[in-house]
Amino acid sequence: WVARAEADKARYLHELASYVPPPGFDAKGDMIASNIPGIVGKTSRKTGTKTARDPNAPKRNVSAYLLYQNAMRNQFKQENPGMTFGQLAKYTSHMYKN
């Protein structure tokens with residue numbers, strides 16, 4: 001899983017290196033805050049508004065744990081059909097660590 005995560009990180013860094021953001025966006029695809037009314041840029045957490053992103057920006061890499069969890073979730077659900085979402089998350093975490 002670690003090797004897959006490293007490969008995904010290499011993919012992300014390669015895409016990020018070749019990514020040319022359009023005007024108004026930074027190198028990672030986040031909108032640069034502007035003074036133009038009606039356009040939402042980066043804001044504080046208290047306002048609750050979401051930062052606008054460039055839809056063509058490269059997607060972030062996925063960690064080894066998330067790759068494992070996504071791959072094994074259905075198998076663990078079949079083995080333990082009565083588990084709640086939280087119990088399944090704890091079980092997945094325990095299996096990943098061991």
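**View A. Val-20 in the loop between α1 and α2**. Val-20 is exposed, with a relative accessible area of 68%, where exposed stands for over 50% relative accessible area, buried for under 20% and partly exposed for values in between, computed with a 1.4 Å probe and protein chains only. The model is a predicted one, in which local features need pLDDT of at least 70 and side-chain atom pairs count only at pLDDT 80 or more, whereas totals for chains, interfaces and linings use all residues. Residues are numbered from 1 along each chain as its sequence is written, and side-chain values use heavy atoms, with hydrogens and water left out. Between the C-alpha atoms of Val-20 and Asn-56 the separation is 9.6 Å, although these residues are 36 residues apart along the chain.

**View B. Pro-55, a further residue of the loop between α1 and α2**. With a relative accessible area of 66%, Pro-55 is exposed. The C-alpha atom of Pro-55 is separated by 9.7 Å from that of Asp-30, a residue 25 residues apart from Pro-55 along the chain.

**View C. Asp-8 and Ala-10 in helix α1**. Helix α1 spans residues 2-18; helices here are DSSP runs of H or I with at least four residues, strands are runs of E with at least two, and both are numbered from the N terminus. Asp-8 has a relative accessible area of 17% and is therefore buried. When residues up to four places away in sequence are not counted, Asp-8 touches Arg-60, Asn-61 and Val-62, a contact being defined by heavy atoms within 4.5 Å. Ala-10, by its relative accessibility of 46%, counts as partly exposed.

**View D. Tyr-65 and Tyr-96, one of the 5 aromatic pairs**. Rings of Phe, Tyr and Trp (its six-membered ring) are taken to pair if their centres lie within 6.5 Å, and the planes are classed as stacked when under 30 degrees apart, as edge-to-face when over 60 and as tilted otherwise. The rings of Tyr-65 and Tyr-96 are edge-to-face, at 5.3 Å centre to centre and with 70 degrees between the planes. Because Tyr-65 belongs to helix α2 and Tyr-96 to helix α3, this pair ties together parts that are 31 residues apart in sequence. Tyr-65 is partly exposed, at a relative accessible area of 25%, and Tyr-96 is likewise partly exposed, at 29%.

**View E. Phe-76 and Tyr-91, an edge-to-face pair**. The ring centres of Phe-76 and Tyr-91 lie 5.1 Å from each other, with 85 degrees between the planes. Phe-76 in helix α2 and Tyr-91 in helix α3 are 15 residues apart, and their pair links distant parts of the chain. Phe-76 counts as buried at 2% relative accessibility, whereas Tyr-91, at 23%, counts as partly exposed. Ring pairs also join Phe-76 and Tyr-91 with Trp-1, Tyr-65, Tyr-68 and Tyr-96 in a cluster.

**View F. The largest cavity and its lining**. A cavity is a set of points on a 1 Å grid over the protein atoms alone where a 1.4 Å probe fits but cannot get out, and its lining residues have an atom within 4 Å of a point. Grid points are joined across faces, edges and corners, and the volume is the space filled by probe spheres set on the points. The search of the whole structure finds 1 cavity of 30 Å³ or more, and the largest cavity holds about 60 Å³ of space. Its lining consists of Gln-69, Arg-73, Phe-85, Leu-88, Ala-89 and Thr-92. Two or more residues of the lining come from each of α2 (64-79) and α3 (85-97), and α3 gives the largest share, 4 residues. The lining divides into 3 nonpolar, 2 polar and 1 charged residues, where Ala, Val, Leu, Ile, Met, Phe, Trp, Tyr, Cys and Pro count as nonpolar, Asp, Glu, Lys and Arg as charged, and the others, Gly among them, as polar.

**Setting of the views in the chain.** The chain has 3 helices and 0 strands, and its elements run α-α-α from the N terminus on. Of its 98 residues, 19% are buried.

Methods:
1 Å grid on protein atoms, 1.4 Å probe; cavity = no way out; pocket = protein on both sides within 12 Å on 5 of 7 lines; lining within 4 Å.
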